[in-house]
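Dear colleague,

Please find the structure below, together with its sequence.

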Amino acid sequence: MSQSGAKYVVELPTAELKLGSCATSDRWLPHGLGRRTLGGVAARRKVPWRPRGSRPFGGHTRPVLCSAGESLDLANDKARQGAASGVVAGESVGQEQSQRDFYQINNLYDTISGQDNIHHGFYPHLARDGRELVVLDNVQASMALTQRMIALGGIDRTSKVLDLGCGKGLSCSTIAKLTGASCVGVDLTPKHIERANALAATTAGIERGQLTFVEGSFTELPSEALALGPFSHVFSQVAFCHVHAELPAILAQVKQALAPGGVAVINDMLGASGPPASEDDVADAAAVYRRLHFEVLHGHQAWRRIVEEAGFTLEHYENWDAHMLKSYEDRRDKAEALGAEMADGTPLATNFEQTVRAVRARQIGMNFAILTVD
Ligand SMILES: C[S@@+](CC[C@H](N)C(=O)[O-])C[C@H]1O[C@@H](n2cnc3c(N)ncnc32)[C@H](O)[C@@H]1O
């Protein structure tokens with residue numbers, strides 16, 4: 001359905017959430033910040049924070065739900081410690097001390113999510129528009145997600161794209177092959193940049209110079225990447241979530257990279273859209289934070305507010321929570337079949353099941369947004 005006056009076609013395939021309809025309390029501040037915040041449900045109940053079935057770990061108390069705006073300075077102080085490089089510690093898990101370690105060490109995605117893919121799926125059958133569609137598997141759905149972002153973002157052969165948190169460059173390669181656009185990818189993880197270059201060199205249909213990959217952080221874009229701009233499109237898939245406490249700084253970088261009239265096409269992983277209903281909800285969300293080394297995750301409402309405060313116009317917004325749920329259900333089943341483990345020996349399927357429950361409880365979510373600069 002098209003929305004009159006809007007620049008883009010607006011479809012809400014999982015229209016359970018419309019702009020402005022979230023609860024106000026949608027930011028988690030884990031890691032002991034609770035004592036200094038005006039806590040929500042979790043704090044009031046004095047929930048001991050330990051994911052079910054996990055060993056105790058030191059230095060942390062419990063996740064606390066805060067209303068948007070509360071304790072932001074505390075979150076920012078913590079985030080600033082890693083702001084120079086964009087490395088976020090979160091909990092240590094086995095040898096992993098940060099999100100960078102997590103990706104540098106992790107070898108499971110190729111098997112569970114599809115070769116070189118590190119994002120979630122878009123499942124057309126969930127669109128509930130009356131069409132009878134086959135149910136894609138998670139690898140097919142990941143490609144469908146990229147294709148949907150390309151189509152709704154209006155990327156074509158004249159486009160110059162900057163992919164932030166580009167992973168192993170699969171989406172840059174897809175963009176280049178399907179549209180003819182050029183693409184620059186930036187990623188924090190050295191292993192990913194190495195693989196992205198190898199993939200670009202061996203993928204048929206990609207011209208020399210069409211793809212460039214640069215190691216660095218999107219909190220402070222490498223000058224080498226900026227020099228290749230300005231860009232018609234900034235593109236990103238489930239990467240900003242790793243540094244949500246620095247989202248305003250990331251958005252400032254997006255602005256700097258975009259050409260006048262440019263468009264940001266963003267898919268992000270999110271935190272709570274409302275208070276947890278039980279202590280189990282708290283434990284499930286905490287397990288997700290721990291596995292992915294998150295410190296702060298904004299919910300749908302806070303994310304949109306931060307984007308607008310940063311001077312962007314939200315041209316289009318979709319709630320993709322249902323797609324995230326299906327992605328994690330599929331991955332849980334694959335992880336279980338493989339007997340895969342996290343770096344500390346926790347069965348990955350257990351953590352993915354906790355993620356499924358956290359999404360159902362609206363403590364974890366996913367979005368898709370198209371932004372222009374005011
Ligand atoms: C879930 S993966 C998604 C990768 C890729 N976008 C994809 O869809 O396959 C998140 C990526 O963000 C990268 N990342 C995390 N923090 C970053 C930062 N501060 N700057 C740049 N990249 C970052 C990680 O290295 C990882 O490749």
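A crossing of two helices is called left-handed if the near helix is turned anticlockwise from the far one by less than a right angle, and right-handed if clockwise. Helices (H or I, at least four residues) and strands (E, at least two) are DSSP runs, numbered from the N terminus.

Please note that this is a predicted model, in which local features need pLDDT of at least 70, side-chain atom pairs count only at pLDDT 80 or more, and totals for chains, interfaces and linings use all residues. Residues are numbered from 1 along each chain as its sequence is written.

Helix packing

Two packed helices are described by the angle between their axes and the distance between the axes. Here axes are lines fitted to C-alpha atoms, for helices over the stretch in contact, and angles run from 0 to 180 degrees between N-to-C directions.

Helix H12 (residues 321-338) packs with helix H13 (residues 348-360) at about 160 degrees, and their axes are 8 Å apart. H12 and H13 are therefore roughly antiparallel; angles under 35 degrees count as roughly parallel, over 145 as roughly antiparallel, 65 to 115 as roughly perpendicular and the rest as oblique. H12 passes H13 in a left-handed crossing. Residues are in contact if their C-beta atoms, placed from the backbone, lie within 7 Å. On the H12 side the meeting residues include Met324, Leu325 and Tyr328, and on the H13 side they include Leu348, Phe352 and Val356. By class, this contact of H12 with H13 has 9 nonpolar, 1 polar and 7 charged residues. For these classes, Ala, Val, Leu, Ile, Met, Phe, Trp, Tyr, Cys and Pro count as nonpolar, Asp, Glu, Lys and Arg as charged, and the others, Gly among them, as polar.

H13 also packs with helix H10 (residues 279-292), at an angle of about 125 degrees and with the axes 8 Å apart. H10 and H13 are therefore oblique to each other, and their crossing is left-handed. Among the residues that make the contact are Ala285 and Val288 of H10 and Thr355 and Ala358 of H13. The classes in the contact of H10 with H13 are 4 nonpolar, 3 polar and 3 charged residues.

The sheet

An open sheet of 7 strands has mixed pairing and the order S5-S4-S3-S6-S7-S10-S9; two strands pair if DSSP finds at least two bridges between them. Its edge strands, S5 (211-215) and S9 (312-319), each pair on one side only. From one strand to the next, the twist averages 15 degrees. Strand S3 (residues 160-164) and strand S6 (residues 231-237) run parallel and are joined by 3 bridges. Within this part of the sheet, Asp163 stands opposite Phe235 in S6.

H12 lies across S9 and S10, at about 135 degrees to S10.

The ligand shell

Which residues come nearest to the ligand? Of the 24 residues around the ligand, they are Gly86, Ile118, His119, Gly165 and Gly167; a residue is near a molecule if its C-beta atom, placed from the backbone, lies within 6 Å of it. The shell divides into 10 nonpolar, 13 polar and 1 charged residues.

Backbone details

The peptide bond from Gly229 to Pro230 is cis, with omega near 0 degrees. Pro230 lies in the loop between helix H8 (223-226) and S6. Val238, although not a glycine, has a positive phi of about 35 degrees, and its place is in the loop between S6 and helix H9 (247-257).

With kind regards

How values were computed:
Two residues are in contact if their C-beta atoms, placed from the backbone, lie within 7 Å.
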